[in-house]
Amino acid sequence: MYTPFLFSTSETDLHYVLLHKKETEAFPMHWHDEIEVTLVKNGAMKIFINEEPFEIKAGEAVIINSGDCHYTVPTDAETVSLIFSPSLLSGTATSDKVIAELKERLGRNSKSTLEWKSEDRTALLSIFSELEILEKNSFSYELLVRAAVFRLCVLIGDERHNPIAETSVRNENSKTRDRIANVFRYIEEHYMNPLSLPEAAEASGYVPTYFSRVFKTCTGMTFYDYLTIYRIRKAEVQLVKTNDSISKIASASGFSSVKTFDRVFKEQVGISPLRFRKQHQCKGKKE
């Protein structure tokens, strides 16, 4: 089933989701405020996190911190992703401090479980297994989800998973990611309007020429390529979830005309917007 681009866990009351998918399509560079742990169930997955490549096999996982820039490469992998908002840890007098420290630890800890001890990997698999069999309508569902997420945070935040890294280099990379994250936010808020590279550069705090190089290094694509893909993904969601006209969706997604939208959509997706809608709405009815 189609997975919306930039999936937001805020769509649920718990701000949490367990998402099963096949990595058969490239997922463009993106970021989100939620913390994500993706476990490979079958096959192998290739993912880039903050420019660093990871090849993850069955039984292994990657940990994506809030704000990490990441994208996947098409593979044969079947994965399950546990995505949750840090706000799920709120509710105590010191929760803000706990959340801040967790993010700080995830910023320096290993992004994968490749070097984890066998007992830690087993514990992670156990958490995923427990969550997969929970009954959503049961009285204990929310309590069990929160309990599992708390245990997960203890596990992924363990300082034993801290790689050797130069603090100055890590801090500089973090500053760059923060600036690029500002651009992602800017795109998210203004993608439906005409956007220029100078405007995006201003949002990042870089001059346009330097911004172009930094953005390409961080995302693997140009600013305009990323913006185009982002708009197409937003349009895909509207094509599947609404009955709005193609012209309305084209305009709402930031395209100047239906003709341009149709051409770019075909280039990116391989089929027309209308055919895409028919295919995926039919799948939804069958499911």
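Visitor: At what angle do helix H2 and helix H3 pack, and how far apart are their axes?

Guide: This is a predicted model, so a local feature needs pLDDT of at least 70 and side-chain atom pairs count only at pLDDT 80 or more, while totals for chains, interfaces and linings use all residues. Residues are numbered from 1 along each chain as its sequence is written, and side-chain values use heavy atoms, with hydrogens and water left out. Now to your helices: H2 (residues 118-132) and H3 (residues 141-156) pack at about 160°, and their axes are 10 Å apart. An axis here is a line fitted to C-alpha atoms, for helices over the stretch in contact, and angles run from 0 to 180 degrees between N-to-C directions.

Visitor: Why are H2 and H3 called roughly antiparallel?

Guide: Here are the cut-offs: under 35 degrees is roughly parallel, over 145 roughly antiparallel, 65 to 115 roughly perpendicular, and the rest oblique. The angle between H2 and H3 is about 160°, so the two helices are roughly antiparallel. H2 also passes H3 in a left-handed crossing (the near helix is turned anticlockwise from the far one by less than a right angle; clockwise would be right-handed).

Visitor: Which residues of H2 and H3 meet?

Guide: Contact means heavy atoms within 4.5 Å. On the H2 side you'll find Asp 120, Ala 123, Leu 124, Ile 127, Glu 130 and Leu 131, and they meet Val 145, Ala 148, Arg 151, Leu 152 and Leu 155 in H3. Sorted by class, that contact has eight nonpolar, no polar and three charged residues. For the classes, Ala, Val, Leu, Ile, Met, Phe, Trp, Tyr, Cys and Pro count as nonpolar, Asp, Glu, Lys and Arg as charged, and the others, Gly among them, as polar.

Visitor: What makes H5 and H6 roughly perpendicular?

Guide: Helix H5 (residues 197-204) and helix H6 (residues 208-219) pack at about 80°, with axes 9 Å apart. That angle falls in the perpendicular range, so H5 and H6 are roughly perpendicular to each other. Leu 197, Pro 198, Ala 200, Ala 201 and Ser 204 of H5 make the contact with Pro 208, Phe 211 and Ser 212 of H6. The classes there are six nonpolar, two polar and no charged residues.

Visitor: How do you know that H7 is roughly perpendicular to H9?

Guide: Helix H7 (residues 223-241) packs with H9 at about 95°, and the axes are 10 Å apart. That angle makes H7 roughly perpendicular to H9. Among the residues in the contact are Ile 229, Ile 232 and Leu 239 of H7, along with Phe 261, Val 264 and Phe 265 of H9.

Visitor: Why is Val 258 called partly exposed?

Guide: Buried means under 20% relative accessible area and exposed means over 50%, with partly exposed in between (1.4 Å probe, protein chains only). Val 258 has 38%, so it is partly exposed. This residue sits in helix H9 (residues 258-269). Leaving out residues up to four places away in sequence, Val 258 touches Ile 246, Ser 247 and Ala 250.

Visitor: What makes Arg 185 partly exposed?

Guide: The relative accessible area of Arg 185 is 34%, so partly exposed is the word for it. Arg 185 is in helix H4 (residues 167-190). Its C-alpha atom is separated by 9.0 Å from that of Trp 31, 154 residues apart along the chain. Not counting residues up to four places away in sequence, Arg 185 touches Trp 31 and Asp 33.

Visitor: And why is Tyr 186 partly exposed?

Guide: Its relative accessible area is 22%, so Tyr 186 is partly exposed. Tyr 186 also lies in helix H4, and it touches Leu 195, Glu 199 and Ala 203, again not counting residues up to four places away in sequence.

Visitor: What percentage of the chain's residues count as buried?

Guide: Of its 287 residues, 44% count as buried.

Key: Helices (H or I, at least four residues) and strands (E, at least two) are DSSP runs, numbered from the N terminus.
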